[in-house]
Amino acid sequence: MTINSTPYDVAIIGAGIVGCAMARRFTLEGARVVLLEKATDILDGASKANSAILHTGFDAPVGSIEVGCIQAGHEEYRRIYRDFGLTLDECGANVVAWSEEEVAKLEQIQQQAVDNNVMDTRLITGDDLRKVEPNLSDRALAAIAIPRESLIDPWSSPYAYLQQSLMNGGEVMLSCEVTGGRFDGSGWKLETTQGLVRANHVVNCAGLYGDLVNSSVFGQAPFTITPRKGQFVVYDKAASRLARSVILPVPTARTKGIVLFRTVFGNLAVGPTAEDQQSRTDSSIDTETLRSLMAAGEAIVPALKGMPVTATYAGLRPATEFKDYQISADAANNWITVGGIRSTGLSGALGIAQYVYGLYRDTGADHTALTDPVIPTARVLTDTANRDWKEKDHGEIVCHCELVTRREIEAALSGPLAAKSLAGLKRQTRVTMGRCQGFFCSARLAELTEGRFVIPMAEGVDK
């Protein structure tokens with residue numbers, strides 16, 4: 001079965017953060033776009049778990065595609081977030097040195113920031129650091145302050161990107177896995193689990209499965225994904241007062257290391273780990289690793305000891321054998337691959353979309369950009385936002401930990417991006433994500449979502 005008689009200008013594979021930003025960019029540029037996602041909900045792969053930090057790119061590899069995309073994405077987010085009603089907590093970050101050996105590396109890190117055109121960093125002493133972070137351990141010797149590192153909502157923003165695409169003519173197909181495809185010299189016939197999708201160009205943003213998608217079409221891929229697991233511990237909201245900024249370690253060649261950060265939802269988190277594995281689906285957590293994370297957090301902020309833990313989780317980053325993003329255009333086949341978008345994907349998404357549209361335009365394809373695109377109002381879930389429970393007519397509150405109303409749940413269960421799983425509903429409302437983790441509201445949720453989820457709550461555990 002062929003789904004569309006008129007080919008789309010662009011088919012985008014993968015509705016993670018990057019795919020959502022890509023759909024928005026191509027739609028705004030005037031292209032006819034379809035976004036294909038194999039899961040029942042968007043953001044269901046690597047994008048469902050990250051540290052929700054909007055980076056400046058101060059420590060990204062100098063001259064890399066990654067640093068260019070992070071900085072372009074950072075700039076665009078700051079330009080649009082007010083129009084969308086999105087959150088931006090400009091808390092800043094501090095790269096903290098805990099040994100003399102790490103102190104010696106701070107000047108090198110600051111020089112890297114200068115080389116990346118991040119000019120507003122400054123070296124500070126341990127005493128100066130404790131004036132702004134009084135709960136930090138006395139072991140902190142010095143730091144680099146990075147003022148423009150910020151916190152954002154990791155789910156409301158990509159939802160808003162995709163909503164803008166849909167409101168301006170874009171389309172999305174969920175539960176639609178791409179299994180192969182044929183290029184006839186002018187366009188593609190993508191084989192999917194819902195039938196053939198015709199498109200002139202394809203952008204592969206399949207995240208953890210990006211190499212497999214390329215292999216299914218071309219028989220090979222320019223990189224190999226080795227999933228890198230990152231486990232996190234989320235402390236109770238009372239802990240959020242213990243840190244004002246994002247506390248970063250001196251990074252290693254392999255990882256940014258364990259970060260201590262507030263969330264825009266009022267919690268404080270510690271993580272991630274960096275564990276390479278073969279499984280693309282195993283996001284399990286283990287007790288010993290979580291204990292080591294808690295110990296690391298308490299070494300940074302001693303007052304965390306004894307603080308209740310609200311939740312734990314793990315995410316998988318699509319690491320490759322290369323350090324930089326793997327973005328390349330195959331002009332002869334009208335195909336662009338966007339791979340290896342690791343932990344900075346949230347920061348870089350809007351910039352990646354700009355970069356990829358440039359590659360697309362370089363192939364000779366172009367469109368007339370929309371002159372007055374519709375701008376959606378984002379569903380913002382932070383404590384400081386105008387949440388529904390604050391309205392006089394809010395009606396029933398279903399999740400009392402996160403103060404989620406029935407009206408918010410019903411809104412998330414409708415429309416083209418209606419939640420089809422509890423995980424999807426969590427990302428749209430934060431229901432069950434509070435201190436009781438759904439102990440008190442799950443039965444009511446099962447009633448409200450009856451017939452709406454692919455797997456009913458009573459039949460499966462949804463992470």
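Colleague: Which residues line the largest cavity?

Modeller: This is a predicted model. About 60 Å³ of space lies in the largest cavity. Its lining is formed by Trp155, Ser156, Tyr159, Gln163, Arg379, Leu381, Arg427 and Gln428.

Colleague: Which element gives the most to the lining of the largest cavity?

Modeller: Two elements each give two or more residues to this lining, namely α5 and α10 (422–429). With three residues, the greatest share comes from α5.

Colleague: How many nonpolar, polar and charged residues does the lining of the largest cavity have?

Modeller: Tyr counts as nonpolar, Arg as charged and Gln as polar, and the lining includes Tyr159, Arg379 and Gln163. Sorted by class, the lining has three nonpolar, three polar and two charged residues.

Colleague: How are α2 and α5 oriented to each other, roughly perpendicular or roughly parallel?

Modeller: Helix α2 covers residues 65–84 and helix α5 covers residues 156–167. They pack at an angle of about 80°, with their axes 12 Å apart. Angles of 65 to 115 degrees count as roughly perpendicular. The two helices, α2 and α5, are therefore roughly perpendicular to each other.

Colleague: Which residues of α2 and α5 make the contact, and how many of each class does the contact have?

Modeller: On the side of α2, the contact is made by Tyr77, Ile80 and Phe84. On the side of α5, Ser157, Ala160, Tyr161 and Gln164 take part. By class, the contact of α2 with α5 has five nonpolar, two polar and no charged residues.

Colleague: How many cavities of 30 Å³ or more does the structure hold?

Modeller: Rolling a probe the size of a water molecule over the atoms shows where empty space is left. With 30 Å³ or more as the cut-off, the number of cavities in the structure is four.

How values were computed:
Residues numbered from 1 in each chain as written. Predicted model: local features only at pLDDT ≥ 70, side-chain atom pairs only at ≥ 80, totals over all residues. Heavy atoms only, no water. Axes fitted to C-alpha atoms, helices over the stretch in contact; angles between N-to-C directions. Helix = DSSP H or I, 4+ residues; strand = E, 2+ residues; numbered from the N terminus. Parallel < 35°, antiparallel > 145°, perpendicular 65-115°, else oblique. Contact = heavy atoms within 4.5 Å. 1 Å grid on protein atoms, 1.4 Å probe; cavity = no way out; pocket = protein on both sides within 12 Å on 5 of 7 lines; lining within 4 Å. Points joined across faces, edges and corners; volume = space filled by probe spheres on them.
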